[in-house]
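The stops follow one another through loops, helices and helix pairs.

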Amino acid sequence: MAAEGDEVETVMPSHPSGPGRGSTLVPNWVRGNTSLFATLVACVMVGLALFLIGWLAPVVAPMGLGLFLAALAAPMFTWLAQRGRSPALALTLTIAVVLAIGVGLVLLALTGAAALTDGIATYSDALRSRYPEPSDPIIARGIGGPLARIFPPDVLSEVLRAVARILVEVGQSLIFAVVVAALLLLDGQRLSRLVAGGIGSEGPVFRETPGIARAAVTYFAVRIRINAVTAAGFLILMLVLGIDDALLWAVAAFFLSFVPYLGLVLAMIPPAILAFAESGFLAATVFVVGGTALNLIAENVLEPTLTGRALSLSTWVVFTMFFFWVWLIGPVGALLSMPITVLVVLVLQHNERTQWIAALLSRQQPEDVSGLMPVAAATPRDDPATD
């Protein structure tokens, strides 16, 4: 009996196990065994990496955008190869499509920026004409009075000028990004063969790369379908209202919709100002209401229906990462914030010790989170046979 009691003492935990201890979200190594020195070193390294990324933003942003475009085009190469096309032909067609779409996007961004810049004076005069005269107290007390105080015409004109500058910057980054995407696709087969051959299989990062890549492709394939439907509805709404440069704003809505909820709201700002300048308050209101309805339908109906078990990020993560990457690397960060965040979350999910962090960042249900947490080992007291 003494030996049996000694055995019970050796397997008992050194700290009491309260109810629900196995379902706690924070694992043991965080609560009791974290090294303060290792944590400080990790924080310093992360801070240094972010400083270097911000310093090298003029180079890092176009390269990241090129990598993102290459990742979006990679499924096309796979689809062509599965249809019996030779690898060389499939690669050639994929690169040609990437170059054609890239050149089209560059031209659309630059010509749209030029047209918007040339029309700033006209839009400014139209905006001023939409506001009531301050000398008329009856009209000034209506809708136009508070609107003029909240959104002065000069502020709206400055927003349009800022949008034109952003379009020029994004268009210039796209020129380099398209070339990077084409070169990555050209070298993609060799890299795939190296990964399939086991290169770097001893390292956890390289070992998990294929799984992370498949999960990322699944996520972005879903988002592409959602964004396409949203951009199509956005385009139809603008064409009905007669808003200038409707195709430009629809393409912007497609790419910005990779950022759930927030992206389409930002894409609505320039065309809403143009609708107000061209057609008045009623047209702008119809556009805002219609765009908001499209946003809600896309994120609350289409996204849950098409996503299924694919990755779904928490809303606070979407907002925080969007503004963080825009602040760090500029306007291109608006397009790259979700790809970067999705990759980070997927990497965290593929590491057993960081799965709990991924659970906090994604919208996982409690039953899914419990599978990621370490469960306390049963003690002899829990075993009925020992009673």
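Select Asp-245, which counts as partly exposed because its relative accessibility is 29%, where buried means under 20% relative accessible area, exposed over 50% and partly exposed in between, computed with a 1.4 Å probe on protein chains only. Asp-245 sits in the loop between H10 and H11, and its phi is near 55°, a positive value in a residue other than glycine. Helix and strand labels here are DSSP runs numbered from the N terminus, with helices being H or I of at least four residues and strands E of at least two.

This is a predicted model, in which local features need pLDDT of at least 70 and side-chain atom pairs count only at pLDDT 80 or more, while totals for chains, interfaces and linings use all residues. Residues are numbered from 1 along each chain as its sequence is written, and side-chain values use heavy atoms, with hydrogens and water left out.

Of its 387 residues, 36% are buried. Among contacts in the chain with a separation of 6 or more, 73% are between residues 24 or more positions apart, a contact being heavy atoms within 4.5 Å.

Next, move to the loop between H11 and H12, where Tyr-261 is found. Tyr-261 is not a glycine, yet has a positive phi of about 65°, and with a relative accessible area of 22% it is partly exposed.

How do the axes of H11 and H12 cross? The axes of H11 (residues 246-256) and H12 (residues 262-279) come within 8 Å and cross at roughly 165°, the axes being lines fitted to C-alpha atoms over the stretch in contact and the angles running from 0 to 180 degrees between N-to-C directions. H11 and H12 are therefore roughly antiparallel to each other; by the convention used, angles under 35 degrees count as roughly parallel, over 145 as roughly antiparallel, 65 to 115 as roughly perpendicular and the rest as oblique. The crossing is right-handed, a crossing being left-handed if the near helix is turned anticlockwise from the far one by less than a right angle and right-handed if clockwise. To see the side chains involved, show Trp-249, Ala-252, Ala-253 and Leu-256 in H11, which meet Gly-263, Leu-264, Ala-267, Pro-270, Pro-271 and Leu-274 in H12.

From Pro-271, turn to Leu-160, which is 111 residues away in sequence and 9.5 Å away in space, C-alpha to C-alpha. Leu-160 belongs to helix H9 and is buried, at 1% relative accessibility. Neighbours within four places in sequence aside, Leu-160 is in contact with Leu-116, Ile-120, Tyr-123, Pro-270, Ile-273 and Leu-274. Also in H9 (residues 153-196) is Ser-157, buried with a relative accessible area of 4%; not counting residues up to four places away in sequence, Ser-157 touches Ile-120, Ser-124 and Leu-127.

Continue to H10 (residues 204-241) and pick Arg-223. Is this residue, Arg-223, buried or exposed? Arg-223 counts as buried, at 2% relative accessibility, and, apart from neighbours within four places in sequence, is in contact with Ser-257, Phe-258, Pro-260, Glu-299 and Glu-303. Val-229, also in H10, is partly exposed with a relative accessible area of 47%.

Ala-61, Gly-64, Leu-65 and Phe-68 in H4 meet Leu-335, Leu-336 and Pro-339 in H15.

Finish at H14 (residues 315-329), where the buried residues are Val-317, Val-318, Phe-322, Trp-325, Leu-328 and Ile-329. They cover an arc of only 145° around the axis, which puts them on the same side of H14, the arc being that of the directions from the helix axis to the C-beta atoms. On the other side of H14, Trp-316 and Trp-327 are exposed. The helix is followed by Gly-330, whose phi is positive, near 95°.
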